[in-house]
Amino acid sequence: MTEHPAPAPAVCRRLVDRTAVVTGAGSGIGLAAARRLATEGAHVVCADIDATAGRAAADTVGGTFVHADVTDPDQVDALFATADAVRGGIDIAFNNAGISPPEDDSILDTGLDAWRRVQEVNLTSVYLCCKAVLPYMRRRRRGSIINTASFVAVMGAATSQISYTASKGGVLAMSRELGVQFAREGIRVNALCPGPVNTPLLQELFAADPERAARRLVHIPAGRFAEAEEIAAAVAFLASDDSSFVNATEFLVDGGIAGAYVTPR
């Protein structure tokens with residue numbers, strides 16, 4: 001496969017004096033987003049269940065680290081209370097933490113425990129984060145909430161991860177509803193729907209099954225997986241006033257997958 005590296009992002013300063021909370025900030029899309037938001041001027045509150053990775057991310061961006069299990073309501077409440085106390089308000093919430101374990105497979109093979117674990121981390125955590133941050137945004141009558149869904153929320157995949165797919169569909173539907181409900185209070189809620197991204201999560205998923213990776217790659221018109229920095233650029237756009245009329249939508253950053261009828265050669 002021909003290498004097509006992601007272009008270097010332009011330097012923008014759209015988020016000066018704003019506070020952003022990023023969950024799953026220790027690696028992958030979360031880390032790239034924390035870096036991009038900080039580059040654009042935001043103070044980033046980095047949340048992660050991995051204290052070492054989360055603290056390193058916060059140190060890298062000059063932000064604040066909060067250890068948080070996003071499936072625990074008390075820890076989620078504490079996360080946003082800390083962000084508000086540190087900066088006197090919350091402008092951006094990037095609810096990004098998620099998992100894709102190998103035991104989540106075809107519905108015929110996925111057990112109930114695996115189903116529930118993925119739903120808790122990928123969907124219930126987004127519910128908890130939105131519920132926790134909305135009062136802070138309503139108080140100031142502004143804010144941007146960005147919830148990580150996936151391209152599989154809008155189309156089926158033969159290489160099934162049934163609970164992951166269902167959880168991301170739930171994130172998309174919930175984001176639409178919240179975006180509609182709170183729009184006239186100055187709060188936007190969007191579902192970011194990435195295609196396959198070259199992150200540790202994807203690498204781990206495909207490491208033992210190169211054929212599965214190849215089956216995914218062939219369906220991407222762009223001919224490659226996304227880089228985390230490209231998804232982070234979309235996060236920065238949705239966080240900024242440049243997207244002031246973008247609300248309650250599925251924001252696809254998928255290299256053309258959802259638009260393809262046939263696989264290009």
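1. Start with the salt bridge between glutamate 40 and arginine 14, whose side chains come to 2.8 Å, N to O. (A salt bridge here is a side-chain nitrogen of Lys or Arg within 4 Å of a carboxyl oxygen of Asp or Glu.) The two residues sit in distant parts of the chain, 26 residues apart: glutamate 40 is in the loop between helix H1 (28-39) and strand E2 (43-48), and arginine 14 is in the segment before strand E1 (19-23). Helices (H or I, at least four residues) and strands (E, at least two) are DSSP runs, numbered from the N terminus.

2. Before going on, note that this is a predicted model: local features need pLDDT of at least 70, side-chain atom pairs count only at pLDDT 80 or more, and totals for chains, interfaces and linings use all residues. Residues are numbered from 1 along each chain as its sequence is written, and side-chain values use heavy atoms, with hydrogens and water left out.

3. How exposed are the partners? Glutamate 40 counts as buried because its relative accessibility is 0%, while arginine 14 is partly exposed at 23%. (Buried means under 20% relative accessible area, exposed over 50%, partly exposed in between, with a 1.4 Å probe and protein chains only.)

4. Glutamate 40 also forms a salt bridge with arginine 36, with the closest N and O atoms 3.0 Å apart. Both of these residues are buried.

5. Another pair to look at is arginine 138 with glutamate 185, again a salt bridge, at 2.8 Å, N to O. Arginine 138 counts as partly exposed at 42% relative accessibility, and glutamate 185 as buried at 17%. Back to shared partners: salt bridges join Arg14, Arg36, Glu40 and Asp242 into one network. The count of salt bridges comes to eleven.

6. Now the sheet. It is open, with seven strands in the order E3-E2-E1-E4-E5-E6-E7 and parallel pairing. (Two strands pair if DSSP finds at least two bridges between them.) Strand E3 (64-67) and strand E7 (250-253) are the edges, each pairing on one side only.

7. Strand E4 (residues 92-95) and strand E5 (residues 143-148) pair in the parallel sense over four bridges. Within that pairing, alanine 93 stands opposite isoleucine 145 in E5.
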